[in-house]
Amino acid sequence: MPDECIAALQPAEGKVIADLTLGGGGHTERLLEAGATVYGFDQDLEAIQFASERLARFGSRFIPVHSNFCGIERELTLRGVEHLDGVLIDLGVSSRQLDAPERGFSFMREGPLDMRMDANDPTMQTAADLVNTWEAEELARIFFQYGEEKFSRKIAREIVSYRSLHPFQTTLELADLIERVVPKRGPKHPATRVFQALRIAVNHEMSVLEQTLDALPRMLGDGGRLAIITFHSLEDRMVKLDFRKRSQEMLDHESWPEPRPNPDYAYRLVKRKPLLPTDEEIRVNPRSRSAKVRVAERLPRK
Ligand SMILES: C[S@@+](CC[C@H](N)C(=O)[O-])C[C@H]1O[C@@H](n2cnc3c(N)ncnc32)[C@H](O)[C@@H]1O
């Protein structure tokens, strides 16, 4: 799947591509090797530093940008870039973030309950702030909405009762509580869904993605390609609906005398169906199990 995803962006010498989720720099490296110039965005300073070192051999063709990707227009305009030939988004946390206990993303490792992707932003609330201060209804809502957790209310109630005696500080305190109150279902750890939901809420992932999807048709040059890799159904649904909204030339409604031109028409879908990982890819990298890739192309402006 990574091969197909990189190939879909058609990287080549002279092309300018933004990798909005630089992470460890693996995808960007492939784009640079194909000759493209790459702006690598990440809101995590550690990722920027690590990838900058890894990619130093590409010199000025790699430009790191320490920013949330919803700042894409501002950041690229500041650097004199008007249009891009390609944009890549590989959503979620990186394995480096997941494996670092001090970042608090993993329910398997003891660490502070943090989960901010930009750990240097003191204005952001951490996961501990959320579980220690939010009302039970609000916690239940995000567990259900962002984690599709069936036991959302029960978990939220137990959190509120536990924290009145022991405010949560660490990942394992929360994971252990969930393990005690939720029956084990299937091979997944019972805390998987709640941890996903808290990460999405802490980093405002849904609103950031929505805002960025709105900016991309302006940033992509004519014929520019956009590839988005998602890992859960909420994100995938948002991307699918965005691509659908922007790939219909005409809109129709039963109350209209005739179809009208769609003001959001901007994309051609390169593939109707998302790319999915092969069995072999899942075997080598089990985290890829729920990955989907959608690819669109910016239509020429009239
Ligand atoms: C799944 S990893 C990307 C892995 C990367 N494709 C690679 O080859 O190593 C996602 C990365 O995107 C970053 N990220 C997620 N949401 C972001 C956002 N809204 N703005 C900037 N960076 C973001 C995370 O900090 C993380 O480093």
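# Report on a predicted protein–ligand model

Ser247 sits in the loop that connects helix H12 (233–246) with strand S6 (250–251). Helices and strands are DSSP runs numbered from the N terminus, a helix being H or I with at least four residues and a strand E with at least two. The model is predicted: local features require pLDDT of at least 70 and side-chain atom pairs pLDDT 80 or more, while totals for chains, interfaces and linings use all residues. Residue numbers start from 1 along each chain as its sequence is written, and side-chain values rest on heavy atoms, with hydrogens and water left out.

Ser247 counts as partly exposed because its relative accessible area is 23%. In this report, buried stands for under 20% relative accessible area, exposed for over 50%, and partly exposed for values in between, computed with a 1.4 Å probe and protein chains only. Along the chain, Ser247 and Arg298 are 51 residues apart, and their C-alpha atoms are separated by 9.5 Å.

**Surroundings of the ligand**

| Residue and its atom | Ligand atom and distance |
|---|---|
| Gly24, backbone N or O atom | oxygen atom, 3.1 Å |
| Gln43, backbone N or O atom | nitrogen atom, 3.2 Å |
| Gln97, side-chain N or O atom | oxygen atom, 2.8 Å |

On its own the ligand exposes 610 Å², and the protein buries 90% of that area. Such areas come from the Shrake-Rupley method with a 1.4 Å probe; for residues, only the protein chains shown count as cover.

The UniProt record, an unreviewed entry, assigns the feature "binding site" to Gly25, Gly26, His27, Asp42, Phe69, Asp90 and Gln97. UniProt positions follow the numbering used here, feature names are shortened, and annotations may be inferred rather than shown by experiment.

Gln97 belongs to helix H5 (residues 95–99). With a relative accessible area of 7%, Gln97 is buried. Its side chain also makes a polar contact of 2.8 Å with the side chain of Asp44. A polar contact is a pair of N or O atoms within 3.5 Å; within protein, one must be able to donate a hydrogen and the other to accept it, and residues adjacent in sequence count only if both atoms are side-chain atoms. Asp44 is placed in the loop between strand S2 (37–42) and helix H3 (45–54), and it is buried because its relative accessible area is 3%.

**Helix H2**

Helix H2 covers residues 26–33, and within it His27, Thr28, Glu29, Leu31 and Leu32 are buried. Gly26 also lies in H2, but at 31% relative accessibility Gly26 is partly exposed. After H2 comes Gly35, which has a positive phi near 105 degrees.

Most residues other than glycine have a negative phi. Gln10, which is not a glycine, has a positive phi near 50 degrees. The loop between helix H1 (2–8) and strand S1 (16–19) holds Gln10, which is partly exposed at 37% relative accessibility. Glu148 likewise is not a glycine and has a positive phi of about 50 degrees. Glu148 is located in the loop between helix H7 (136–147) and helix H8 (152–163), and at 39% relative accessibility it is partly exposed.

**Helix H10 and the cysteines**

Leu198 is part of helix H10 (residues 192–202) and is buried at 0% relative accessibility. Gln196 and Ile142 are 54 residues apart in sequence, and 9.8 Å apart from C-alpha to C-alpha.

The structure contains zero disulfides, a disulfide being a pair of cysteine sulfur atoms within 2.5 Å. Cys5 is buried, its relative accessible area being 0%, whereas Cys70 is partly exposed at 29% relative accessibility.
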